Each structure stands twice: as structure tokens, then as C-alpha cells.
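Visitor: Hi, I have a model open here and I'm new to this. Can you walk me through it?

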Amino acid sequence: VMNDIIATMFNKKFMEELFKPQDLYSKKALRTVYDRLAHASIMRLNQASMDKLYDLMTMAFKYQVLLCPRPRDILLVTFNHLDAIKDFISNSPAILNQVDETFRQLMETYNCLSDGEFQLIRQTLLIFFQDMHIRVSIFLKDKVQNSNGRFVLPISGPVPWGTEVPGLIRIFNHRGVEVKRTEFSTAGNYILPQREGSFELYGDRVLKLGTNMYSVTRPVETHMSGSSKKLASQAKENIVPNPLAKEELNFLARLLGGLDIQKPAGGETGFRLNLFMTDEEEEHAAQTRPEELSYKVINIEATQEPGRRAELSRILGELEVEEPRPDSAEKGEDLLALMDGL
């Protein structure tokens with residue numbers, strides 16, 4: 001199961017599409033891609049378990065981005081993710097090579113960016129997650145999340161690499177010579193980091209954000225805070241589909257669904273993963289989840305049968321309507337052009 005999911009996630013064509021300069025995907029687009037990845041193997045989740053898994057993923061990533069000591073450390077968090085993924089597929093050289101190639105693409109694309117550009121990336125990600133305040137039991141137990149779903153920022157611990165422990169003010173004259181020093185007390189207990197995390201393919205990242213947060217076995221639950229429920233009911237996402245966004249989703253689904261997945265021998269059709277303690281608890285979660293927060297999953301047929309594909313192409317050709325395109329490139333046109341070439 002892990003091999004199938006990771007092989008699909010790091011598929012070459014899918015990675016090439018994600019690395020193209022583009023606007024941030026909408027929440028619905030992200031959820032659609034996430035659903036496709038989660039079901040890229042024989043594993044199946046029903047709606048309630050899928051919602052719970054997505055909530056855990058989004059809040060864990062929000063926590064990691066929010067607590068990055070410096071914007072550039074977002075890259076170290078990503079490398080921690082890749083290191084953990086490589087542990088899952090250590091016995092599959094072909095898939096391991098796919099992950100290493102993605103690592104090289106990350107280095108080539110992002111290692112040359114300035115601190116200001118990383119700060120812009122961090123702010124963009126936090127804006128995407130700013131209205132999501134889902135309570136997660138593992139964060140509540142570790143006191144890193146309040147009961148309202150907001151994360152707690154620590155006032156102690158290591159300072160970002162390249163900075164100094166707060167508590168000293170230096171005053172310089174117009175010639176740049178230090179003329180005075182003033183000390184002040186701080187509420188936190190700050191220390192200097194021992195070393196910077198490694199940005200190499202293999203190395204000690206130092207930063208623990210992005211590593212496995214399940215150091216001990218414990219149940220995990222997600223709950224919507226009262227403020228999140230109120231916000232979701234007051235500001236529903238626009239349900240009118242954007243044509244370009246729909247084409248974008250269709251193309252991503254083709255990339256994710258157009259891969260051949262090895263079926264198990266013996267006639268097995270797959271297995272079902274339940275993230276709740278019992279089936280009754282899962283059904284109750286599905287019924288009590290606010291309708292505004294439930295995602296409608298788009299099922300897209302990605303069959304490899306030539307006859308079916310030819311028939312779909314014929315129908316698509318009959319529905320095609322020529323429309324004048326503006327001179328300026330709209331979001332999604334690159335996706336449409338690539339789709340036409342497949």
C-alpha cells in the first residue's frame with residue numbers, strides 16, 4: 001500500500017506539473033488531489049475517515065509551518081518529510097530514486113531563494129490555513145494547541161540559526177562604531193542552536209518539525225472548535241465551479257489515475273481503513289460533521305481500455321466549443337495545453 005501511494009505521489013509527470021510556477025491551489029483542489037493520493041492503492045477510506053485524515057494532515061502541516069524558527073527552515077521541514085518517506089520504501093530502489101529526484105528538484109528550485117522569498121512562501125501558506133482551527137488530541141495533550149484550536153507559540157528554546165539570544169541592545173554612532181550597550185530581561189529562556197540543519201541529500205536536519213509526531217501510541221481525535229463552526233457557516237466557500245479550476249482538477253486526476261497499479265493475487269479487491277475505534281463511531285462522525293466542511297469527492301474514470309478512451313475522446317470532441325482566448329495567459333491554460341498534447 002505504501003509503495004503504491006508513494007509511487008503515485010512522486011510520479012515524474014505529476015511532480016513536473018507541481019513544480020511549474022503557478023498560483024496556490026484552492027482548498028477544494030487540494031482535497032481532491034489528497035483523496036486521489038490516499039486511494040492510489042487497494043486501501044479505501046469512507047467519507048468520515050477521509051475527513052479525519054485530511055484534518056490531521058492540514059493541522060499538522062499548519063503547526064510545522066507556524067513554528068518554523070526562520071522562513072528558510074520550511075525546506076528542512078520538507079526534507080524531514082522526504083527522509084521519513086524514504087524509510088517506508090527503503091527496499092524499493094525504483095521508488096527511492098523517484099523521491100531522491102524530487103529532492104534534487106527541491107534543491108534546484110528553492111535553495112537559491114532569498115530569505116525574503118521564503119518569508120513570502122511562509123506567509124502564503126499561513127494565509128491558506130488561517131481559518132482552520134481544528135482541535136487535534138495529540139496537540140492538546142502536548143499543550144501546543146489551545147482548546148479553541150489555535151496553536152501556542154513557545155517563548156523559550158533555541159533561537160533561529162544566525163541570530164543571537166535576546167537581551168542586549170547595541171547603540172552605534174553615525175560612523176558605525178558601537179558606543180553603548182543596554183541589557184534587558186526576557187520572559188523566555190533562550191539558547192543558541194548547536195548547528196544548522198543539513199540541506200544535503202543525507203544529513204542531520206537538526207530541526208524536529210516534520211518528523212514523526214507519534215513517538216508513542218495514543219488515540220488521535222479531531223474536533224471543530226466553536227469559532228471554526230461559526231466561521232464555516234458564515235463564510236461558505238463559493239460553490240459555483242470555475243471552469244479552468246475544473247479542468248485543472250481533471251488533469252491532475254488523470255496524472256494520478258493514469259498509472260497502472262498492481263492488483264493483488266487471489267481475487268482480493270482491497271481493504272478498508274477505519275481511523276475511528278469502531279464503525280459506529282465512524283458513522284456518528286460522518287453524521288455530525290457540518291455540511292459546509294464536508295468535501296464532495298469527484299469520481300473520475302481513469303480506465304486504460306482503448307475502446308472506452310476513444311469513445312470518451314469522441315464525446316469530448318462533440319462538446320468542444322471554440323472560444324476566443326484573451327492575449328494574457330489565464331490560470332490553468334498551461335494545464336489545458338498539456339492536456340491537449342496527451
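This is a predicted model: local features need pLDDT of at least 70, side-chain atom pairs count only at pLDDT 80 or more; totals for chains, interfaces and linings use all residues.

Visitor: OK, how many helices and strands does the chain have?

Guide: There are 13 helices and eight strands in the chain. Both are DSSP runs numbered from the N terminus: helices are H or I with at least four residues, strands are E with at least two.

Visitor: And what share of the residues counts as buried?

Guide: Of the chain's 342 residues, 34% are buried. Buried means under 20% relative accessible area, exposed means over 50%, and partly exposed is in between (1.4 Å probe, protein chains only). The chain exposes about 21,500 Å², with carbon and sulfur atoms supplying 55% of that. Such areas come from the Shrake-Rupley method with a 1.4 Å probe, and for residues only the protein chains shown count as cover.

Visitor: Let's pick a helix. Which residues of α7 are buried?

Guide: In α7, those are F118, R122, L125, L126, F128 and F129. They sit on the same side of α7 because they cover an arc of only 155° around the axis. That arc is taken from the directions from the helix axis to the C-beta atoms.

Visitor: Nice. What's on the other side of α7, and what covers the buried one?

Guide: L120 and I127 are exposed on the other side of α7. The cover over the buried residues of α7 includes α3 (27–38), α4 (47–66), α5 (73–88) and α6 (93–110).

Visitor: How far does α7 reach?

Guide: α7 runs over residues 115–129, so to speak 15 residues, and spans 21 Å from its first C-alpha to its last, close to the 21 Å expected at 1.5 Å a residue. The expected span is 1.5 Å times one less than the number of residues.

Visitor: You mentioned α6. Which residues are buried there?

Guide: In α6 they are I95, L96, V99, D100, T102, F103, L106 and M107. These cover an arc of only 155° around the axis, which puts them on the same side of α6. On the face turned away from that buried side, α6 carries the exposed residues P93, A94 and E108. Helices α1, α2 (12–18) and α5 are among what covers the buried residues of α6.

Visitor: At what angle do α1 and α6 pack?

Guide: Helix α1 (residues 2–9) packs against α6 at about 35°, with the axes 10 Å apart. Axes here are lines fitted to C-alpha atoms, for helices over the stretch in contact, and angles run from 0 to 180 degrees between N-to-C directions. N3, I6 and A7 of α1 make the contact with I95, Q98 and V99 of α6.

Visitor: What about L96, which residues does that one touch?

Guide: Leaving aside neighbours within four places in sequence, L96 is in contact with K86 and I89. L96 and I6 are 90 residues apart in sequence and 9.3 Å apart in space, C-alpha to C-alpha.

Visitor: Is K86 buried or exposed?

Guide: K86 is buried, with a relative accessible area of 7%. K86 is in helix α5, and, not counting residues up to four places away in sequence, K86 touches L96, V99, D100, L201 and Y202.

Visitor: Switching topic: what about phi angles?

Guide: Most residues other than glycine have a negative phi. K143, though, has a positive phi near 60° and is not glycine. K143 is in the loop between α8 (137–141) and β3 (157–158), and counts as exposed at 67% relative accessibility.

Visitor: And V206, where is that?

Guide: V206 lies in the loop between β6 (190–191) and β7 (222–224). V206 has a positive phi of about 65° although it is not a glycine, and is partly exposed at 31% relative accessibility.

Key
Residues are numbered from 1 along each chain as its sequence is written. Side-chain values use heavy atoms; hydrogens and water are left out. Contact means heavy atoms within 4.5 Å.
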